[in-house]
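Hi,

Here is the structure I promised to pass on.

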Amino acid sequence: MFLGAGAILHQTHEQSLENMGGLIHCMPKLAAIFLIGCLSISGLPPFNGFVSEWLIFQTALQTGALESGVIRSLIPTASAVLALTSALAAACFVKVYGAFLGLPRSRHVATGHEPAHLGMLAGPAWLAGLCVLLGVFPTPIIEGLNVVTGQLVGDTLPGAAALGWLWLTPVAPEVASYSAPLVLLGIFLTGWVCYQLLYRRAGLEVRRAEPWDCGFGGLNARMQYTSTAFSMPFRRIFEPVFDAQETIEEQKEGPSGFQTTRLQYQLRVSDRAWPYLYAPVARAVTWLSRRVGRLQTGNIRTYIAYSFFTLLILLWGIS
Amino acid sequence: MAWLLALLQTLLFIGSAPLLAGWLKRLKCRLQNRRAPSLFQPYRDLRKLWRKGPVVAHPASWIFKATPYVVLASAVLTAAIVPMIAVNLPTAKIADVVVLIGFFALGRFFLVLAGMDIGTAFGGMGSSREMTVSSLAEPAMLMAVFTLAMSASTTNLSEAMNYVLNTGLVLRPSFVFALLGLMLVAVAETGRIPVDNPATHLELTMIHEEMILEYSGRYLGMIEWASQIKLMLYGVLITNTFFPWGIAREFSLQALGFGVLALTLKLVVLTVLLSLSEALFAKMRLFRVREFLSFAYLLSLLGMLSHIILEVHH
């Protein structure tokens, strides 16, 4: 994801998601690689993020075996929070992928093209390949990792490959099983059958037309949903968590302010933890460094005196 | 033999999904004193759509064209792993209930991307709303499912149904909470009143329909079919996991026939409940959905905690 973001930055010189859009048309390869990254990080099957998430949930479901009642109820609650986090991560990466979809919102983005240097594509591409590989064949990898966990904690997942490399069964086959290769095969098979049944018919060519504009015409890139607009419901829902300040300035004209001539929208979102958690630490460090800074007079004679006295004290200490 | 039966069950599942949609529409019409269309109207609609070539907007990329296939494939795959008329089928082993929620998420992810692909305000608005609703609904559903999985100490749906069948009818507080939570989530996820209205085409009030506004022809047919399958999936999931009685445990013709009959009866009861609630409630504002789904989340969490506190014995 970082390499892909770097490639976008390099090709378009654009940092804000608000100004992007439609990159999938000028950078199809990068778009495909980035999509795999987004799918993996959102924890969707059959990619690697999902396998990790699935294993964590399976662990949380084994808490019935624990003695302490507090931990027994805390771990499932934590997994509830994990479920919320993964759902929100999916929303976040849909928003990020919005940079590739829709229409370009600035000139740089519209004229951007695929990275010319092959290395810029190969870097994220092999990582995306690993995402797919780890997601589709998790069992051999877990077998390999078992050696490490065995040495570190003295316990392993012995039954992970109880039914062979095709199946992942962390505890026992009847408790939970997941077969990513069969899932992938199922998706391809169903897609292929649909394609054969529906696509291969004469007279069903795809026709291109203008998008629906409610009959007014003249849709442009500024009318599409921006990434700020996309996340607006989340800001509203998680209002207590964030410190969001929205201001709308309107200039109105005409009788009783019918006509809005100018509209300015400002949004500032900050973390509530910032002023209470980090800001005091930052202030303390600044205060301390000011005090230490008094030593630095900027006068060469003072520094020579410092060195002289340090030497004296060291010599005294040695002898 | 078992694999063949699993394939037949999947075909029966996806084949009867439009019938369920037609039946639900009929019930709603009755409650609103209207004359209902035929039960088979959804089949006619689908056939009409499949015969038409799609019209695709100019800015659409390959994601827009691939999405109907991904959405339909994930819905069919989910239908394959949910035990419908028989348990102990081999397909139930491919994926457990957490993977099932993952499939729903996969289909939705692509649908949301396709909504944003055209670059109109409608698509973006629908995508944004769909992600908002689902990011609150998904954790609630996971928690409800976890409660069941913890009681049965398995996430495999077929094994969980066997567990409920073996223990018999016991009133567990955790199951009551989880059932209520899951029903609320199902209403939200299948886009029914009071969260979304599948019949509306007023741009500012819809969620699901707004995302698929640009789809037409066979693409629209596939997406419509997938959402009918999804509705049936939730119905089967709720009825069969909490009330699995009647489901076939051996593969004899008699047991399977009884399984079909039992499922039909269960779904009829559930759809009557759903249509009654749709007739009695009005669609709520988007930001009221937060309270609705937090309530579902709370119910599911309560279900799980009550399982841990009341029902685990050492």
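First, a definition for the strand talk: two strands pair if DSSP finds at least two bridges between them. Helices (H or I, at least four residues) and strands (E, at least two) are DSSP runs, numbered from the N terminus.

It's a predicted model, where local features need pLDDT of at least 70 and side-chain atom pairs count only at pLDDT 80 or more, while totals for chains, interfaces and linings use all residues. Residues are numbered from 1 along each chain as its sequence is written, and chains are lettered from A and ligands numbered from 1 in the order in which they are written.

Now the hairpin in chain A. Strand β2 (residues 242-253) pairs antiparallel with β3 (residues 259-271) through 12 bridges, and D243(A) sits opposite S270(A) of β3(A). Between these strands are 5 residues, and G254(A) has a positive phi near 80°. None of the 12 residues of β2(A) is buried (that takes 20 or more other C-beta atoms within 10 Å of a residue's own, with C-beta atoms placed from the backbone).

Then the interface. Chain A puts in 65 residues and chain B 70, counting two residues as in contact if their C-beta atoms, placed from the backbone, lie within 7 Å. On the chain A side, α5(A) gives the most, at 12 residues. That side has 43 nonpolar residues (Ala, Val, Leu, Ile, Met, Phe, Trp, Tyr, Cys and Pro), 7 charged (Asp, Glu, Lys and Arg) and 15 polar (the others, Gly among them).

The chains also share strand pairing: β1(A) runs parallel to β1(B) (residues 55-57), joined by 3 bridges. There, R208(A) has V56(B) as its bridge partner.

Cheers
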